[in-house]
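Please open the structure in your viewer and keep the selection tool at hand.

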Amino acid sequence: MTRELRCQVCVIGSGAGGSAAAATLAAAGRDVVLLEAGPHHDPSTFDQRETTMMPRLFEDGGLTATRDQSMAVMSGRGLGGSTVHNTGLAVPAPRPVLERWAEGGGLPLGVEGFEAAQGEVMRRLGARVVDDDEINANNRVLADGARARGLEFIIARHNRERCSGCGYCMIGCAYNKKRNALFAWLEGAVANGLRIVVDAPVDRILERGDTTHVRGRDLQVQAEEVFIAASALRTPLLLRRSGLGLRSVGTNLRLHPFAPVAALFDDRIAAWRGVPQSVLVTGDARFFHGGRGGWILMAGAAGPAATAAFVPGHGRDVAQLMGRYERLAFGGVLLHDEGCSSVRGRRDGRPAVKSWPRGEDRDGLVAGIRSLAELYFAAGARQVFLPFTRRPRVNSPADLDGLERLPFRPYDVTLSSVHPQASVPMGAGRDAPVLPDGRVRGARRVRVADGSLFPGSVGVPPQVAIMTYGMLVAQVMLAEGSS
Ligand SMILES: Cc1cc2nc3c(=O)[nH]c(=O)nc-3n(C[C@H](O)[C@H](O)[C@H](O)COP(=O)(O)OP(=O)(O)OC[C@H]3O[C@@H](n4cnc5c(N)ncnc54)[C@H](O)[C@@H]3O)c2cc1C
């Protein structure tokens, strides 16, 4: 039997953006229904095993990849979306990036308004600088190497409180110490009357007269306004299935490709223990100054399965390397990407992502890999493992000669992404799929409220900026007096 609900606003997707939008609307007294495709995960059942938690918390069990399977693209499924299993970095979007976005009309309330709202998001997340004794050896070697090479770095802020440092953040915090979207937004929103329906994947949206119909499996919602926040991979698919928006929806996708680099040290590193990512090497991040280009060098979340999957090599090579797992530092290059990737729907409704770094993105990744390898050697590494199939390991900085000439086609280089964004960008131009008030161009009462909205690549871990967009799109609607 199909269940029917009515409300003023229906929000689809409960991750960083959707939960911020829903909470903002509920706090203003709107009658809001939040539909989430996945379940409500109970942290007391999180068992700290990658083999059971990846399938539970991630879309496609963590196996989503680009169409040609050359790059893993991971995101979450369940109440709180990807904020449930993210690593807790709370980093506001840098001002030069915001200035660039504002020029194109892609920033609600302008740069100052956005920065003030990011400050509010940071407070809600309880973001704090990681304490010195929380910086594990995997991050300390990054700081040591950056100092030796004269590269700037920062100790990041995180949304975790009284953290035990068990290190399993990426498969959900069993101690429930992450101030994720459930804490920061949804708990208070339920007290303000927010209704949440989980296990409720939305199939399509129909605008009819003054009402918008949201149709899912065994569920129909009639709403005056709809906010889509199903993530940068799935919001474009929902729009397309619903016949809403420009043809360009999904074509501006950015992925923040991440190139893994590992390094063998004499001393114990135990990269899987402690706060996974606390040191961000920003010395090569040109976007911090000019709004575009460059990369961040950072640690990777180093659980045994994730490390084995992403260290270079195959079979016996990986087995041997994992035999020295205790002395292995694990990090990577996070690129501020400029080139376009795209996402469309497969027949089975899942996303077909097309992406491979070319031109300046390719050059940036190669230069970043070199920079991180040099940094690890400067910190005392014996051997460095690169993501190139043609040169998986190097024994000294001199072995890095000629990296730029190595093949860089799909499958020649290991890459992954956990930050899909910018697939339905906001802007003032006629070709922007979303208007500056968050409304989908061509639709009357459907807005977007997630990472899809970014006009381009943000460069830093995106949850703070995504929550800010979610909150601001809701505020803009409230200021218009709609609903
Ligand atoms: C392993 C990992 C580590 C990360 N670490 C960090 C970090 O430390 N700091 C940081 O800033 N960022 C981090 N991120 C990224 C960050 O968590 C995401 O960018 C952010 O949560 C995305 O927000 P969103 O609202 O766009 O989508 P999501 O948070 O992914 O939420 C989308 C939600 O929509 C639901 N949904 C999808 N389709 C439908 C549908 N048809 N109907 C109903 N619901 C639907 C999904 O189930 C999901 O719950 C990490 C991501 C990953 C995967």
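Select Gly-349 in the hairpin of strand 15 and strand 16: in this predicted model, the residue takes a positive phi near 90°. Five residues lie between the two strands of the hairpin.

Next, select residues 315-322, which make up helix 10. Which residues of helix 10 are buried? They are Val-318, Leu-321 and Met-322. Viewed down the helix axis, these buried residues fall within an arc of 95°, so they line one face of helix 10. Arg-316 and Ala-319, on the other side of the helix, are exposed.

Finally, select helix 5 (residues 137-149) together with helix 11 (residues 359-378). Their axes are 8 Å apart and the helices pack at an angle of about 95°, which means that helix 5 is roughly perpendicular to helix 11. On the side of helix 5, display Val-141, Leu-142, Gly-145, Ala-146, Ala-148 and Arg-149; helix 11 contributes Leu-372, Glu-374, Leu-375, Tyr-376 and Ala-378 to the contact. Colouring this contact by class shows eight nonpolar residues, one polar residue and two charged residues.

Key: Residues are numbered from 1 along each chain as its sequence is written. This is a predicted model: local features need pLDDT of at least 70, side-chain atom pairs count only at pLDDT 80 or more; totals for chains, interfaces and linings use all residues. Side-chain values use heavy atoms; hydrogens and water are left out. Buried means under 20% relative accessible area, exposed over 50%, partly exposed in between (1.4 Å probe, protein chains only). Helices (H or I, at least four residues) and strands (E, at least two) are DSSP runs, numbered from the N terminus. The arc is that of the directions from the helix axis to the C-beta atoms. Axes are lines fitted to C-alpha atoms, for helices over the stretch in contact, and angles run from 0 to 180 degrees between N-to-C directions. Angles under 35 degrees count as roughly parallel, over 145 as roughly antiparallel, 65 to 115 as roughly perpendicular and the rest as oblique. Contact means heavy atoms within 4.5 Å. Ala, Val, Leu, Ile, Met, Phe, Trp, Tyr, Cys and Pro count as nonpolar, Asp, Glu, Lys and Arg as charged, and the others, Gly among them, as polar. Two strands pair if DSSP finds at least two bridges between them.
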